[in-house]
Amino acid sequence: MLGNISDIDLRMLRVFCSIVEAGGFTAAQARLNTSLSRLSVVVRDLEERLGCSLCRRGSSGFQLTEEGQELFDMAQLLFGDIERFRRQANRLGGLARESLQIGTVDSLISLECAPLPLAVRLFRRRLPEVRLNLHMLRPDELEQAVLEERLHLAIGAFHHQLSGLNYQPLFEEEQNLYCSADHPLFTRADTCLSLEDICAAEYVGRGYMTENQRPHGLHFTQTVSAYAMEAIATLVLSGAYLGYLPTHYAAHWVSRGQLRALLPERLAYRSLFHCITRQGQEPKTALAGFIEALEEARQQLADAG
């Protein structure tokens, strides 16, 4: 049974509430961008922690037990109390400033058309009293954080569109498949490379993307997963793996002869980045101001490019 409530307990409760709000495990799978088996493990662990059954699955569909309904209702009160505590704590000592929680994916700083740095500058000029917090997370984590209102706004390349979120297109980013100078394919000319040669090599993929989201439908015989661009770059630079990286991010190593793009005319692709916000969230002056600054920055960079 519960003693001290840990961060892990709170994460399990959030997942459980998301399953209930979605109406079942299958519907929550896309919303949480995770597998059915992982959701089952989380609920099982929560049931073991509490010592009771929370839900039933079967031919009649997803149903909460009496204990499950009671836990869901209590969790809603708990998360509401946490948010109220956060707001009231910010007022202590006169710290009544509005705060804005922004999220983004990693490794965008070298992309000239990415509007976030300029948007922050414009926003700070207009609303200097707002406390701005920037978080760097995976795309699936960003979506979940916005859904749970831990973030007000996030920027990333999202591979599906979840219900409950608004998606506003921002910019595109080119991606290429790379190998390092220590990889056997590095010295092979493109004219001597086939897709069979490439797919026979070991590949490092993005762990938050499913198999059917892999670029150009490439099917590698052996794959490993990484969850950040720097992690992918590290494994590619080891010489043991191929991997997709943003062209602007890889340019530093390409210029030094440490990386090479494979069949770029055939295997390159472009990722569309969106700004996401939660549908129906309470409008805030800070959020509206940042969205306006983001759009202005995007337009300025597009005009300059």
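User: Is E141 buried, partly exposed or exposed, and what makes it so?

Analyst: Keep in mind that this is a predicted model. Partly exposed covers the range between the buried cut-off, under 20%, and the exposed one, over 50%. E141 has 29% relative accessibility, so it counts as partly exposed.

User: Which residue forms a salt bridge with E141?

Analyst: The general idea first: side chains of opposite charge can pair when their charged atoms come close. Here the partner is R138, with the closest N and O atoms 3.7 Å apart. R138 is partly exposed too, because its relative accessible area is 23%.

User: What about the salt bridge between R150 and E148?

Analyst: There the closest N and O atoms are 2.8 Å apart. R150, at 40%, is partly exposed, while E148 is buried, with a relative accessible area of 17%. As for networks, shared partners link R138, D140 and E141 into one.

User: How many salt bridges does the count come to?

Analyst: Ten. Another of them pairs D45 with R44, at 3.3 Å from N to O.

User: Now the core. Which residues have the most contacts inside the largest nonpolar one?

Analyst: For a core, look for buried nonpolar residues joined through side-chain atoms. The largest one here has 37 residues, and L100, F123, I155, F171 and F290 have the most contacts inside it. Several elements each supply at least two of its residues, including β3 (99–104), α5 (116–126) and β6 (165–180). The top contributor is α11, with six residues.

Terms used
Residues numbered from 1 in each chain as written. Predicted model: local features only at pLDDT ≥ 70, side-chain atom pairs only at ≥ 80, totals over all residues. Heavy atoms only, no water. Core = buried A, V, L, I, M, F, W, Y, C linked by side-chain atoms within 4.5 Å. Buried < 20%, exposed > 50% of the residue type's maximum accessible area, 1.4 Å probe, protein only. Helix = DSSP H or I, 4+ residues; strand = E, 2+ residues; numbered from the N terminus. Salt bridge = Lys/Arg side-chain N within 4 Å of Asp/Glu carboxyl O.
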